Amino acid sequence: MDVTTAAHRVRVSLAEEARTAYRAMAAFDRSIELDPALRELVKIRASQLNGCAYCIDMHTRAARKAGESEQRLYALAAWRESPLFTPRERAALELTDAITEIGERGVPDDLYESAAAEFPPHELANLILAITAINAWNRIAISSGMIFKAE
């Protein structure tokens with residue numbers, strides 16, 4: 001099924017037209033050390049907030065392949081109301097929401113302290129970088145018109 005429309009078409013291929021910078025971005029993303037399951041949840045959540053269909057599709061597929069349950073993937077959009085996430089995941093998701101929507105209220109000290117209580121400094125640093133990376137990828141995908149193939 002091809003769903004490409006004028007509103008959903010590739011505008012520019014950054015991988016081709018800005019090869020060096022695109023590869024550097026990919027290398028940066030790969031260098032982040034974070035639990036893969038948690039990382040996929042963070043990527044999906046930021047992509048939901050940013051409205052990036054390409055990244056939501058990519059990362060829900062990756063999460064499923066890694067064993068994430070359908071129920072938790074469905075609940076992720078309403079994670080605050082769901083009992084399916086651990087305190088550690090909740091802290092990561094709260095930080096993801098704050099960083100993704102940083103212009104609205106920044107990252108309040110109490111929110112940061114909650115995340116710091118769940119993650120040692122090395123993990124917290126990598127979590128912040130993972131959130132930053134997926135937000136950058138969302139902006140790349142949306143602005144350049146990256147599309148996925150519907151099944």
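Guide: The expected span of a helix is 1.5 Å times one less than its number of residues, and helices are DSSP runs (H or I, at least four residues), numbered from the N terminus. For the 15 residues of H3, this gives 21 Å, and the end C-alpha atoms are 21 Å apart, which agrees. The model is predicted: local features need pLDDT of at least 70, side-chain atom pairs count only at pLDDT 80 or more, and totals for chains, interfaces and linings use all residues. Residues are numbered from 1 along each chain as its sequence is written, and side-chain values use heavy atoms, with hydrogens and water left out.

H3 (residues 36-50) packs against H6 (residues 87-100) at about 35 degrees, with the axes 10 Å apart; axes are lines fitted to C-alpha atoms over the stretch in contact, and angles run from 0 to 180 degrees between N-to-C directions. In contact (heavy atoms within 4.5 Å) are Leu-38, Leu-41, Val-42, Arg-45, Ala-46, Leu-49 and Asn-50 of H3 with Glu-89, Ala-92, Leu-93, Thr-96, Asp-97 and Thr-100 of H6. Just after H3, Gly-51 takes a positive phi of about 70 degrees.

Technical notes. Helix = DSSP H or I, 4+ residues; strand = E, 2+ residues; numbered from the N terminus.
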